[in-house]
Amino acid sequence: MRKIDKKTFDRLLGQVEKPARYIGTEYNSRKTEKPGEPVSFAFAFPDIYEIGMSYMGLEILYDILNEDKDVCCERVFAPATDMEELMRENHMPLFTLESKSHVKDFDILGFTLQYEMSYTNVLNMLDMAGIPLYSKDRGEDDPIVIAGGPCAFNPEPLADFIDVFVIGDGEYIDLELCREYKANRGKGRVEFLRRICKMKGIYVPGFYEVTYKDDGTIDERKKTFEGAPDIIERVMIDDLDAVRFPTSPIVPYIKTVHDRAVVEIFRGCTRGCRFCQAGMIYRPVRERSRERIEELAEIQLDNTGYDELGLLSLSTSDHSEFEKLATELTEKCAARNVSLSLPSLRLDNVSFKVLSGIQKYKKSGLTFAPEAGTQRLRDVINKQVSEQDLTDAANTAMELGWRRVKLYFMIGLPTETVEDLEGIGELGKKLVCDKGRRFSVTVSVSNFVPKPFTPFQWHPQDREEDFRRKHDILSSLLKVKGVEFNYHESYISILEGLFARGDRRVGEGLKLAWERGCKFDGWSESFKDDVWRNALSDASVDPEFYCFRDRGYEEILPWDFINSGIKRDYLISENEKARIGSTTKDCRLGCNDCGINSFTECRMLK
C-alpha cells in the first residue's frame, strides 16, 4: 500500500487544530501488519475524530476484524475543515490512522451511517480518497465501498454511491464479507458482488432498477441480476453473551464526546414508542448477562484507566437485573474512584434508589424525556409516562439533592395542537419552582422526523414555517427565570426527513449540494442553507413530495424490499391506534404480535 509523505504530514500537523485527530498510535490501537495477504478494511466514520471515537460500533468491529488472522482493520475519519484544506492544497489523499496508507488502496472501505446529515461527508471522503463517487464508475483497483448502520434501513438515497449495504447487526456479517473477499480475490468486483448478494443482510443496489409512476411514486423494482434476492432480510445477533465485545478499547489522546469506558448491556427495546426507529429495527431485546457485563466492565477499566464507566442501551433500567447490576457496579466503581453513568433511566423508585447511591460521589444533572407536553399526545406516540410520574420523579430528585434537570420534547408529532405546546410550557414552569424549591430546567426541543419502519412512516412532516411558529410559541411560554430553552434548526430537520424517506432520485440533489461546498451539515456553523435549497431545486428534488404529503398504505415505499422482522400490518395497526390515542402495552408484559417472533426468538416475555 502507498503511504502519505511523512515530512508533508508532519508539517501539516503543526498548522491544524487538534493534530491528535490524525496521528493514531493511541493506547490499545492495533498494529496492522499480518503475514500473507490479509484483507485490508478501512472503517470510515463520516464525521470528525471526537465524534467517531465515541461510537461503540467502531470499537466493536475494529476489535472483531483485527482479531481475525486474515483481516486488518484501520480507521479513517472526516478531516476537519482546516486539515482538509491543507490536504487538498498539498495533494494529500485521505489516509488511515494506523499505517497512514491511502484509503484508495484498501480492499474494502466501510462507512457507518448514523445520521442522514453525514451523507455529504461520505461523498467528500470518497472524493478525498480519489475513489469515483458512483459505484458504476469504479474499477478493479478501487475498494468495495460498503455501508451499514441505522440509516442503511433506507439505503436508497445513497444507492448510486455505495456498492454494498449491510442491513442489521454488523458484528459477523462484516467478517464474513472479508472472508468471501479473500476467497474470491482476483475474480473481479462483479463476481464478488454476485456471490455476496445472496448472503442474509446484504443489499447490492446495482443489481436493481426502480421505475416510477406519473405521480412520482414507485411503480416497480426490477432485478438486473437474476440471482439477487427479492427481499433483503435483516441480519441479527441472537446472543450478546456469545458475541465478542472489546475489552481493550482504544484510548484517545484528546477528549471525545463520550470519554469513558462503555459496555453495551442490551440491544433493542420493548417500550414501543411509535416515533422511535431504533425501538423497532433493533427488536427483540437481547440482554447481556449481569455477570458478563460486570466482567467486561472490570476488564475495560483495567485496560484503559478511564475514570468513568457508561452502560449503553436504549433504556438502561429495563435490564432484567438492573437494580442488582447497578448496585454492584456502583460499589466496584466507587472502590476504584470511578464514576458510573446510567443514561436512559425510567422514572421509578428503583432508578432513584440506584441514583441515590451514585450521587454520593458524582452529582450530575438528571435527564427526563416526556417527548410531549400533554397526556393525550403521549398516548398518541405510546410514550407511557404521565405528568404525575414526572413531578414525582422531580420531587424525589430534589429530596436527594439534585438541582438541575433536562427535559427532552419533540414538536411536530402527529395530531399535535397548540394545547400540546402549552403543555410543554406548563411542565417546564412547574418543575422550575415546585413546592417552594427551585430547579434549574433546560427544555430541549427536537423537530419530529418520520422514519422508516415506524408506525409514523406514512405521516407528513411539519413544514419549516410550522416548526418556526412552534419555536416562537415555546420561546414565549418558557421565558421564565431558571428555564433555558433550546431547539433544533428547522431546515436541517426538513433535509433529515428528505433523506430518511427519500428514494434514489434524491441522490442527485445530495451530489449537487456537496459539489457546491456542503459538508458537516449536522453542524449549525457549517450548514449552508441557501446552497442546499438551490441545489435541490436545480436537481429537481422537491421536499414537498418526500416530506410534506400523507402517504397511503397502498404506496410502495422506497425501503419496502427490506424485511426488518416487524410486520407491515403491525405498523399499520399502531398507526391507526395512534389516530385514536390508544396505547399498546410494553412487550415485556405480553406479546403484541409485532412479527419478530416469526423472525427470531423473543426471550423477554415475563
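**Notes on cavities, a pocket and a glutamine**

1. Helix H2 (20-23) and strand E2 (71-77) each give at least two residues to the lining of the second largest cavity. Helices (H or I, at least four residues) and strands (E, at least two) are DSSP runs, numbered from the N terminus. This is a predicted model: local features need pLDDT of at least 70, side-chain atom pairs count only at pLDDT 80 or more, and totals for chains, interfaces and linings use all residues. Residues are numbered from 1 along each chain as its sequence is written, and side-chain values use heavy atoms, with hydrogens and water left out.

2. That second largest cavity holds about 80 Å³ of space. Its lining includes Arg-21, Tyr-22, Val-76 and Phe-77. By class the lining has 10 nonpolar residues, no polar ones and one charged. Here Ala, Val, Leu, Ile, Met, Phe, Trp, Tyr, Cys and Pro count as nonpolar, Asp, Glu, Lys and Arg as charged, and the others, Gly among them, as polar.

3. On the terms: on a 1 Å grid over the protein atoms alone, a cavity is a set of points where a 1.4 Å probe fits but cannot get out, a pocket is an open set with protein on both sides within 12 Å along at least five of seven lines, and lining residues have an atom within 4 Å of a point. Grid points are joined across faces, edges and corners, and a volume is the space filled by probe spheres set on the points.

4. Of its 14 lining residues, Arg-283, Cys-587, Cys-594, Ile-596 and Cys-602 are the closest to the centre. The lining divides into nine nonpolar, three polar and two charged residues.

5. The second largest pocket has a volume of about 400 Å³. Among its 20 lining residues, Ser-135, Lys-136, Asp-163, Pro-205 and Gly-206 lie nearest the centre. Helix H8 (residues 189-196) gives the most, with four residues. Seven charged residues join 10 nonpolar and three polar ones in this lining.

6. Do have a look at Gln-457, in the loop between strand E19 (440-447) and helix H16 (464-477). Gln-457 is buried, with a relative accessible area of 2% (buried means under 20%, with a 1.4 Å probe and protein chains only). A polar atom of its side chain lies 2.9 Å from the backbone nitrogen of Phe-453.

Definitions and conventions: Buried < 20%, exposed > 50% of the residue type's maximum accessible area, 1.4 Å probe, protein only. Polar contact = N/O pair within 3.5 Å; in protein donor to acceptor, adjacent residues only side chain to side chain.
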